[in-house]
Amino acid sequence: MQLKGFNVSTAAAVTTNKATTAQAVTNTNTTKTQPTGKVDLAALDSNRVRGTGDITLIEYSDTECPFCKRFHPTMQQVVQDYDGKVRWAYKHLPLTSLHSKAPREANATLCANEQGKFWEYLDLLFERTPANNGLEDSELFTMADDVGLDRTAFDDCVENDKYADVVSQEAKEAQSLGGQGTPFSVIVDKDGNVLAPISGALPYAQLQQALDQYVQ
């Protein structure tokens, strides 16, 4: 199965206007994905969870995907606006056929996570990358300095690709839940049941509509 980047999701909205539908076919997955599966919330890395709440939105993302870059500030706003109701968990789904740099960048974020700086590093990465394989490799180490990482430990972790297996497992998990591109997210209840998939970089208003169905 070939994965791709998604702009907006037809899984979350049905477009009746023919002109906009034609555009949607170009940018999104046009196959509606049904909610399925269960996620072990207890196994989530708390350092990669932002916010609190009974509803969890788990995002599977590619650091070089332009749609993921666009979606990142949307999710930052969700955590702010749904404080105490929705939390955001981040996992990796690098599209290796499109973005050869994404697996190494994913590993770098997990190396930063070793030192408690996952979100600081990830936020900076999305801020600086032009996307589509545009981030210079040297910038991975510059960002490590900028967020205050121990460079000896970080450099060793990156160069040894320490978390390659973790990244690979997260990508497989995304696909098992129906992910066919990035960003791919699932809305999950407090017991880990998948309530709804979100395929693509939904605008905030549409994501809000999806979340409001489940938030008390």
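Ile58 stands opposite Val186 in strand S6. S6 covers residues 184-188, while strand S3 spans 55-61. S3 and S6 pair in the antiparallel sense over five bridges; two strands pair if DSSP finds at least two bridges between them. Strands (E, at least two residues) and helices (H or I, at least four residues) are DSSP runs, numbered from the N terminus.

A word on the model itself: it is predicted, and local features need pLDDT of at least 70, side-chain atom pairs count only at pLDDT 80 or more, and totals for chains, interfaces and linings use all residues. Residues are numbered from 1 along each chain as its sequence is written, and side-chain values use heavy atoms, with hydrogens and water left out.

## The chain as a whole

Let's step back for a moment. The secondary structure of the chain comes to eight helices and seven strands. Of the 216 residues, 50% are buried, where buried means under 20% relative accessible area, exposed means over 50%, and partly exposed is in between (1.4 Å probe, protein chains only).

Contacts are counted when heavy atoms lie within 4.5 Å. Among contacts between residues at least 6 apart in sequence, 76% join residues at least 24 apart.

## The open sheet

Five strands form an open sheet with mixed pairing, in the order S2-S4-S3-S6-S7. At its edges stand S2 (49-50) and S7 (194-199), each with a single partner strand, so one side of each is left without a neighbour in the sheet. Helix H2 (residues 66-81) packs on this sheet and touches S2, S3, S4 (86-92) and S6. The direction of H2 makes about 155° with that of S4; such angles run from 0 to 180 degrees between N-to-C directions, and axes are lines fitted to C-alpha atoms, for helices over the stretch in contact.

How is S6 placed between its two faces? In a regular strand the side chains alternate between the two faces of the sheet. Phe184, Val186 and Val188 are on one side of S6 and Ser185 and Ile187 on the other, and all are buried. That makes five buried residues out of five in S6.

S6 and S7 run antiparallel and are joined by five bridges. In S7, Ala196 is the bridge partner of Ile187, and Ile198 is the bridge partner of Ser185. The two strands form a hairpin with five residues between them.

Which residue in the turn has a positive phi? Gly192 does, at about 90°. Gly192 is buried, with a relative accessible area of 0%. Leaving aside neighbours within four places in sequence, Gly192 is in contact with Gly37, Lys38, Val39 and Leu41. Gly192 and Leu41 are 151 residues apart in sequence, yet their C-alpha atoms are 5.7 Å apart in space.

## Helices to look for

Helix H3 (residues 102-114) and helix H6 (residues 151-159) have axes that come within 9 Å and cross at roughly 145°. The contact is made by Arg104, Asn107, Ala108, Cys111, Ala112 and Glu114 of H3, together with Phe154, Cys157, Val158 and Glu159 of H6. These residues divide into six nonpolar, one polar and three charged. Here Ala, Val, Leu, Ile, Met, Phe, Trp, Tyr, Cys and Pro count as nonpolar, Asp, Glu, Lys and Arg as charged, and the others, Gly among them, as polar.

In helix H8 (residues 204-212), Tyr204, Leu207, Ala210 and Leu211 are buried. They cover an arc of only 120° around the axis, which puts them on the same side of H8; the arc is that of the directions from the helix axis to the C-beta atoms. What covers these buried residues includes S3, H2, S4, S6 and S7.

Most residues other than glycine have a negative phi, and most peptide bonds are trans. The bond from Thr182 to Pro183 is cis, with omega near -10°, and Pro183 is found in the loop between strand S5 (181-182) and S6.

Two further spots are in the loop between helix H4 (118-128) and helix H5 (138-146), where Ala131 is found and where Asn132 also lies. Ala131 has a positive phi of about 75° although it is not a glycine, and at 6% relative accessibility this residue counts as buried. Asn132, likewise not a glycine, has a positive phi of about 50°.
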